[in-house]
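Here is a friendly note to keep beside you as you look around. Please read the points in order.

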Amino acid sequence: MSRKYFGTDGIRGRANGVITADLALRVGQATGLVFRRGEHRHRVVIGKDTRLSGYMIETAMVAGFTSVGFDVLLLGPMPTPAVAMLTRSMRADLGVMISASHNPFDDNGIKLFGPDGYKLSDGDELEIEALIDSDLSKKLAKSAALGRAKRIEGVHDRYIEFAKRTLPRTLSLDGLRVVVDCANGAAYRVVPEALWELGAEVISVGVEPDGFNINHECGSTAPKALREKVRELRADVGIALDGDADRVVMVDEQGHLIDGDQLLAVIAESWQEDGRLSKPGIVATVMSNLGLERHLAGKGLSLLRTAVGDRYVLEQMREQGYNVGGEPSGHIILSDYATTGDGFVAALQVLAVMKKLDQPLSKVCHRFDPLPQVTKNVRYKNGTGGKPTEHAKVLGAIADAQQRLDGHGRLIVRPSGTEPVIRVTGEGDDPELVEAVVDDIVDAITAVSAA
């Protein structure tokens, strides 16, 4: 079924444009009604990142949830994985994270978690959508059954202790100089403190949020400043989180960027050696480099691919029984610890390998050489009749490209989920051949779209 509000990661859009106070209130009411199960006193925990619009959305959601009888526990700025963890830990019926992740400050979003700490099922989201646009006046709580709301203290300490417990008790980060970039986002308080408590020398950047500067020229999507700071201070490690800290990229002592594919390889091999992998393999998306797949195969590990989106990675992990998965962007899901991506916990696993091997990050995280990869976007007109990727000419170009690559590369041709754009990605051993086959497919899509 088509969705009006929910995308692949909750509800997201321009603050006070798409995500209005009225919508936030109705989402609170509708979600509360769907999860009002049983006669007990229901509760919801609400966290947020540091966007200016978070105040408006948080207040509106408090009104929505209390109006259907939910008590609300306000966490303030907290990482998305912390909200998911606290939903379970505090036996809440629901968890809410107000964030647009790595997007600019003028976007915002609403992510919802069930009592198990996992994002909601498609069925639950469709049920909520149906209620959002309906008349809820007769379903509201009676005056005596309205909910209460309060801000709670100590949640930062709970998440810090949780993150530290993912490491062996005897492990210390003593002697490591770490630069951490919190993207002026949700992790600006907890992550630097946790690293310091673990013994590291911590230099913090991106920890002065003002409501507008989240993800602005900082964080995992803009790591240039972090790379320069690592080189300037001769640090051992750079860690860059995004606005809600569910993804991470790292920087080695030479200032080189390390993406999610290399991090996945490090964690998978380490867990394999320690007998911690639940199955001999990991889950990743179609965008993970073929070099990762080949490298893991050489270690006796498989790579199960999904559609783009951490939601689909987690679905396959749960269905197939894997406990490690992620994306090149740095969404790393370690289901032994978390029900969603946790950038900080993933970084800690890599730091543990550094300490175990007593090697610099440049050596620890160079597990394979990525194959050359090319991505080109083709914009097409909506309403031109059919989908360009289903046209015979485009299908023919794709088939021809596959034949020319002859098992020495991969092709991904996929429409964007947010705009009329086809993304054509190719990778392989021969960079000139990859460029040529991608161009041929782009030409075919362009010709069909113009017709």
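**Strands and a pocket**

1. In strand β2, Ile11 sits across from Phe6. Strands here are DSSP runs of E with at least two residues, helices are runs of H or I with at least four residues, and both are numbered from the N terminus.

2. A word on the model: it is predicted, with local features needing pLDDT of at least 70 and side-chain atom pairs counting only at pLDDT 80 or more, while totals for chains, interfaces and linings use all residues. Residues are numbered from 1 along each chain as its sequence is written, and side-chain values use heavy atoms, leaving out hydrogens and water.

3. β1 (residues 6-7) and β2 (residues 10-14) are antiparallel and paired over 2 bridges; pairing requires that DSSP finds at least two bridges between two strands. With 2 residues between them, β1 and β2 make a hairpin.

4. β2 also runs antiparallel to β6 (residues 107-113), joined by 4 bridges. Here Ile11 faces Ile110 of β6.

5. Now find the second largest pocket, with about 310 Å³ of space. A pocket is an open set of points on a 1 Å grid over the protein atoms alone, where a 1.4 Å probe fits, with protein on both sides within 12 Å along at least five of seven lines; lining residues have an atom within 4 Å of a point. Grid points are joined across faces, edges and corners, and the volume is the space filled by probe spheres set on the points.

6. β4 (71-77) and α5 (155-164) each give at least two lining residues to this second largest pocket. β4 has the largest share, 4 residues.
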